[in-house]
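This briefing goes through selected local features of one chain and then turns to its overall make-up. Please keep the sequence and the structure in view while reading.

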Amino acid sequence: MSSLSRRTKSLDLFLRKLPNLLTKCNLTSKIKKNYTVRQEILMARGLPDRSALPGVEDIVVVASGKGGVGKSTVSVNLAVSLANMGIRTGLLDGDIFGPSLPLMMNIREQPLLDDNNRIVPPVNYGVKCLSIGLLTEQNKAIIWRGPLVMSALQRLLKGAVWGPLDILIVDTPPGTGDVHLSLSQNVPLSGVVLVSTPQVAALQVAARGAQMYKTFGIPLLGLIENMSYAVCGNCQNSFEIFGNTTETYVDQMQTKVLASLPLDATITGCCDAGVPVVLQHKTSVYAKSFQNLAKEIVKLLERQKQEIKKE
């Protein structure tokens, strides 16, 4: 056997025994502990101070982790429902790469700037709205890396005149990346509303998103089960599309279902036309579902404030 072969064999044997050696010497837990501390130190470098938005009482994030589950539809109809209740409401489109607020809220004009170079969010349906889609060309793709994304979100969030507002709804993109981290680190969030279909593939990702926000100490207000069922146009009977495993995941996340919303062309058609269903069909079952959701969100935020006062 050549000298190189012997060295290779010795190295291979050592690597096989290494995990056991680390365990016996209690080095594995020490390495993990030091690595975790190191991670925290690196993550803390250069992070902005978490400060409240002037004149904004509560900030509620709408998230899911999974794409295509209806976050934007929920965000728009929730915001308009809150405004219809007399609550001063704002809506921030946090999806930098796929903004849909301009379409769904029927806003096309570019925002104005005040004397301090701050963006003045345009208002429609009684809601202050802001999106990167109002500041870029409509059909042009946004091809940015992380730092630019966070800088853009910072500008939309803290470089705008949001106040006075009772509630700012933030529609977030899929995943648990830059936008979610930047929101969590920049401003105090009153709570997170998760949106998911009753499908296991979507619920699993939603659960991971919930865990991320819990890590940052942000309250989980509840989960909205979107596209939960459909209604037959002939017999008017409802039927489930995905099956239903939502309760199992809700228990794991230690939260509750805030609303179960149907899959219906009326809701999506209204969004595509730029008129939320809560305005286009005010007395419909769909509108009432969003109205009840808005009332529940207000109730949860109020209860949260009362508990903080007791402490």
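In this predicted model, Gln-254 lies in the loop between H8 and S11, and its phi is positive, at about 55°, although the residue is not a glycine. Thr-255 belongs to that loop as well, which runs between helix H8 (246-253) and strand S11 (257-262).

**Other backbone features**
- Met-227, which is found in strand S9 (residues 220-231), has a phi near 55°, a positive value in a residue other than glycine.
- The relative accessibility of Met-227 is 17%, so this residue counts as buried under the 20% limit.
- Gly-163 and Pro-164 are joined by a cis peptide bond, for which omega is about -5°.
- Pro-164 itself is located in the loop between helix H5 (146-158) and strand S7 (165-171).

**Packing of H3 with H11**
- Helix H3 (residues 71-84) packs with helix H11 (residues 285-310) at an angle of about 75°, and their axes are 9 Å apart.
- Because angles of 65 to 115 degrees count as roughly perpendicular, H3 is described as roughly perpendicular to H11.
- On the H3 side the contact involves Thr-73, Val-74, Asn-77, Leu-78, Ser-81 and Leu-82, which meet Phe-290, Gln-291, Leu-293, Ala-294, Ile-297 and Val-298 in H11.
- Sorted by class, the contact of H3 with H11 contains eight nonpolar residues and four polar ones, with no charged residues.

**The chain as a whole**
- The secondary structure of the chain comprises 11 helices and 11 strands, and 44% of its 311 residues count as buried.
- Among contacts in the chain with a separation of 6 or more, 77% are accounted for by residues 24 or more positions apart.
- The chain exposes about 16,700 Å², of which carbon and sulfur atoms supply 54%.

Notes
Residues numbered from 1 in each chain as written. Predicted model: local features only at pLDDT ≥ 70, side-chain atom pairs only at ≥ 80, totals over all residues. Heavy atoms only, no water. Helix = DSSP H or I, 4+ residues; strand = E, 2+ residues; numbered from the N terminus. Axes fitted to C-alpha atoms, helices over the stretch in contact; angles between N-to-C directions. Parallel < 35°, antiparallel > 145°, perpendicular 65-115°, else oblique. Contact = heavy atoms within 4.5 Å. Nonpolar A, V, L, I, M, F, W, Y, C, P; charged D, E, K, R; others polar. Buried < 20%, exposed > 50% of the residue type's maximum accessible area, 1.4 Å probe, protein only. Areas by Shrake-Rupley, 256 points an atom, 1.4 Å probe, with all protein chains shown as cover.
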